[in-house]
Amino acid sequence: MSFTSITVTGTYEDPIGDPAEGRVTFKLTSTMRQPEGNLTIVPTDVVATLDGNGEFSIVLPANNDTGTVPTGVAYEVTERIRGAALNKYFISIDKNAILETVDLADLVPSIDPVVQI
């Protein structure tokens with residue numbers, strides 16, 4: 001058995017709609033193993049650089065394949081976009097992603113903005 005490869009894509013724009021410049025880094029929170037296939041993936045930085053259209057595409061292993069241990073491993077995503085604050089969050093990449101492609105915007109956790117009274 002092997003890890004399922006999922007293509008993650010994304011598009012970034014600046015506040016006026018121009019393509020953004022920068023990179024997005026993905027790193028597992030722990031080593032993932034598939035004992036049945038004797039496979040191991042260690043946490044290393046996997047970097048996707050935005051192209052001239054502010055877009056990226058990168059292939060990553062799903063982190064919830066059958067037989068993968070430990071369970072609960074996530075990807076830490078770090079966005080380093082020119083002119084923007086550093087942004088970090090955690091995502092899961094599902095082995096059942098439609099057509100084995102998923103847009104990062106669909107994986108980003110929803111966070112309610114802080115409202116000041």
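Visitor: Is Phe-56 buried or exposed?
Guide: This is a predicted model. Buried means under 20% relative accessible area. Phe-56 has a relative accessible area of 6%, so Phe-56 is buried.

Visitor: Is Ser-57 buried or exposed?
Guide: Ser-57 lies in strand β6. The cut-off for exposed is over 50%. Ser-57 has 53% relative accessibility, so Ser-57 counts as exposed.

Visitor: Which residues does Ser-57 touch, not counting residues up to four places away in sequence?
Guide: Look towards strand β1, residues 5-11. The C-alpha atoms of Ser-57 and Gly-10 are separated by 6.7 Å, though the two are 47 residues apart along the chain. With those up to four places away in sequence not counted, Ser-57 touches Thr-7, Val-8 and Thr-9.

Visitor: Which side chains of β1 point to one face and are buried?
Guide: The side chains alternate along this strand.

Visitor: In what sense do β1 and β6 pair, and what is the bridge partner of Thr-11?
Guide: Strand β6 covers residues 55-61. β1 and β6 pair over seven bridges, in the antiparallel sense. In β6, the bridge partner of Thr-11 is Glu-55.

Visitor: What is the bridge partner of Val-8 in β9?
Guide: Strand β9 covers residues 101-103. β9 pairs with β1 in the parallel sense, over three bridges. There, the bridge partner of Val-8 is Val-102.

Visitor: Which residues have the most contacts inside the largest nonpolar core?
Guide: This core has 25 residues. The elements that give two or more residues to it are β1, β2, β6, β7 and β8. The residues with the most contacts inside are Val-8, Tyr-12, Phe-26, Phe-56, Ile-91 and Leu-104.

Visitor: How many aromatic pairs are in the whole structure, and what is the angle between the planes of Tyr-12 and Phe-56?
Guide: A search of the whole structure finds two aromatic pairs. In one of them, the ring centres of Tyr-12 and Phe-56 are 6.5 Å apart. Tyr-12 sits in the loop between β1 and β2, 44 residues from Phe-56 in strand β6. The pair is tilted, because the planes are at 35°.

Visitor: Which strands hold Phe-26 and Phe-56?
Guide: These two residues form a tilted aromatic pair, with 6.1 Å centre to centre and 50° between the planes. Phe-26 is buried, with a relative accessible area of 1%. The pair ties together parts 30 residues apart in sequence, because Phe-26 lies in strand β2 and Phe-56 in strand β6.

Visitor: Which residues form one aromatic cluster?
Guide: Phe-56 pairs with Tyr-12. Phe-56 also pairs with Phe-26. The cluster is Tyr-12, Phe-26 and Phe-56.

Visitor: Which strands stand at the edges of the open sheet?
Guide: The sheet has four strands in the order β5-β2-β7-β8, with antiparallel pairing. The twist averages 20° from one strand to the next. Each edge strand has a single partner, so one side of each is left without a neighbour in the sheet: these are β5 and β8.

Visitor: Which residue in β7 does Leu-28 stand opposite?
Guide: β2 and β7 pair in the antiparallel sense. Seven bridges join β2 and β7. Opposite Leu-28 stands Tyr-75.

Definitions and conventions
Residues are numbered from 1 along each chain as its sequence is written. This is a predicted model: local features need pLDDT of at least 70, side-chain atom pairs count only at pLDDT 80 or more; totals for chains, interfaces and linings use all residues. Side-chain values use heavy atoms; hydrogens and water are left out. Buried means under 20% relative accessible area, exposed over 50%, partly exposed in between (1.4 Å probe, protein chains only). Two strands pair if DSSP finds at least two bridges between them. A nonpolar core is a set of buried Ala, Val, Leu, Ile, Met, Phe, Trp, Tyr and Cys residues joined through side-chain atoms within 4.5 Å. Rings of Phe, Tyr and Trp (its six-membered ring) pair if their centres lie within 6.5 Å; planes under 30 degrees apart count as stacked, over 60 as edge-to-face and the rest as tilted. Axes are lines fitted to C-alpha atoms, for helices over the stretch in contact, and angles run from 0 to 180 degrees between N-to-C directions. Contact means heavy atoms within 4.5 Å.
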